[in-house]
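Hi,

Here is the structure I promised to pass on.

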Amino acid sequence: MTRPGLPKLIATDLDGTLVRSDDTVSAYTHEVLDRVRAAGIPVVGATGRGPRLTELTRNDIRAADFLVMAGGGRVVDQSDPTGPLLLRDERLSGAVLARLLVDLEAAVGPLTVMVEASDEHDAPLWGDYHPSWPYPDRFEARSREECLSCDVIKAFARTADHHVDELLAAARRIVPPELATLTQAGLGFIEICPPGVDKSTGLSVVAERLGVDPAEVLVFGDQPNDLPMFGWAGWARVAVANAHPEVRAAADEITLRNDDDGVAIYLDRLLSR
């Protein structure tokens, strides 16, 4: 439930929440986020994007003091005057992922699988190409064996026979949480992350560094991968109007759509009240 006064930390998802459908962030949104920081409130960009998209992410949320990336597996402190400081970097064993995929395919049938293995700037995903993937320019076809030959930041999987929410529910029945964290971010693929990695555990790293209690944190989101931070933050959980039904149900408040600058509108009103 929303608390009086102002939060001590604000975290927002990017794609579908802060970023508009045309992949832009408005000048108005940037200006409001600058006002948030000027009010002494640190800003966190909390995204499923991996570290290979760090520069894109910094451009989309220029005011961010911290980045929680890869769904919580990579945490970067950008406020240090000496330069970005890596606070968390989790990986999933390729051998563990291989076993999980065998179990999943035995239950749900053949999977289209991609992995994110490199943190180099604009590095491609590896694996099985699928025409529904929205970023074909950052993809490299590789065999399953090659994809599983190293530890990965996370993996993506889909099947032709299941809606992504159905596949996620099935995968969670099969894969124990101590082996991997499973979620989905609205891309039509489930995401397989290292165990213990989600946006709430990533934000916990930031909150501990700043000495902020979760009850003092305001969060914004739109997809199921935002639900852990909705369950963790206590000042308020705000969904954009275009959010997944589960996220809307978990929210304390609903703001306008991402295409209508819903996050900025909410924050503008918060700072002005």
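**What I found**

The chain splits into domain 1 (9–89 + 197–272) and domain 2 (92–193), with bounds that come from an automatic or database domain assignment. Before the details, two housekeeping points. This is a predicted model, where local features need pLDDT of at least 70 and side-chain atom pairs count only at pLDDT 80 or more, while totals for chains, interfaces and linings use all residues. Residues are numbered from 1 along each chain as its sequence is written, and side-chain values use heavy atoms, with hydrogens and water left out.

**Domains and pocket**

The centres of domain 1 and domain 2, taken over C-alpha atoms, are 24 Å apart. Across the boundary, 14 residues of domain 1 are in contact with 19 residues of domain 2, contact being heavy atoms within 4.5 Å.

The search runs on a 1 Å grid over the protein atoms alone, and a pocket is an open set of points where a 1.4 Å probe fits, with protein on both sides within 12 Å along at least five of seven lines; lining residues have an atom within 4 Å of a point. Grid points are joined across faces, edges and corners, and a volume is the space filled by probe spheres set on the points.

On that basis the largest pocket holds about 610 Å³ of space. Its lining counts 30 residues, and D15, G16, R49, Y135 and L187 are the ones nearest its centre. Both domains take part: domain 1 and domain 2 each give at least three residues to the lining. Among the secondary structure elements, α2 (54–60) and β9 (154–158) each supply at least two lining residues; helices (H or I, at least four residues) and strands (E, at least two) are DSSP runs, numbered from the N terminus. By class the lining has 8 nonpolar, 10 polar and 12 charged residues.

**Cysteines**

How many disulfides does the structure hold? The count is 0, with a disulfide taken as a pair of cysteine sulfur atoms within 2.5 Å. The sulfur of C147 has its closest cysteine sulfur in C150, 8.2 Å away, which is too far for a bond. For C193 the closest cysteine sulfur is also in C150, at 15 Å, again too far. C147 is buried at 2% relative accessibility, where buried means under 20% relative accessible area, exposed over 50%, and partly exposed in between (1.4 Å probe, protein chains only). C193 is buried too, at 2%.

α9 (262–272) is largely enclosed by the rest of the structure, because 8 of its 11 residues are buried. Those are G262, V263, A264, I265, Y266, L267, D268 and L270. Their cover includes β1, α1 (27–38), β12 (217–221), β13 (236–240) and β14.

D261 lies in the loop between β14 (253–255) and α9, and is buried at 13% relative accessible area. The backbone is worth a glance there, as phi of D261 is near 60 degrees, a positive value in a residue other than glycine. D122, in the loop between β6 (112–116) and β7 (125–127), also has a positive phi of about 60 degrees without being a glycine. D122 is partly exposed, at 35%.

**A few single residues**

- D226 sits in the loop between β12 and α7 (227–232) and is buried, with a relative accessible area of 0%. Leaving out residues up to four places away in sequence, D226 touches D13, K199 and G221.
- R248 is in helix α8 (residues 245–250) and is partly exposed at 36%. With sequence neighbours up to four places away not counted, R248 touches A239, V240, A241, A243 and I254.
- L6 comes in the segment before β1 (9–12) and is partly exposed at 42%. Not counting residues up to four places away in sequence, L6 touches I41, W235 and L270.

Cheers

Terms used:
Ala, Val, Leu, Ile, Met, Phe, Trp, Tyr, Cys and Pro count as nonpolar, Asp, Glu, Lys and Arg as charged, and the others, Gly among them, as polar.
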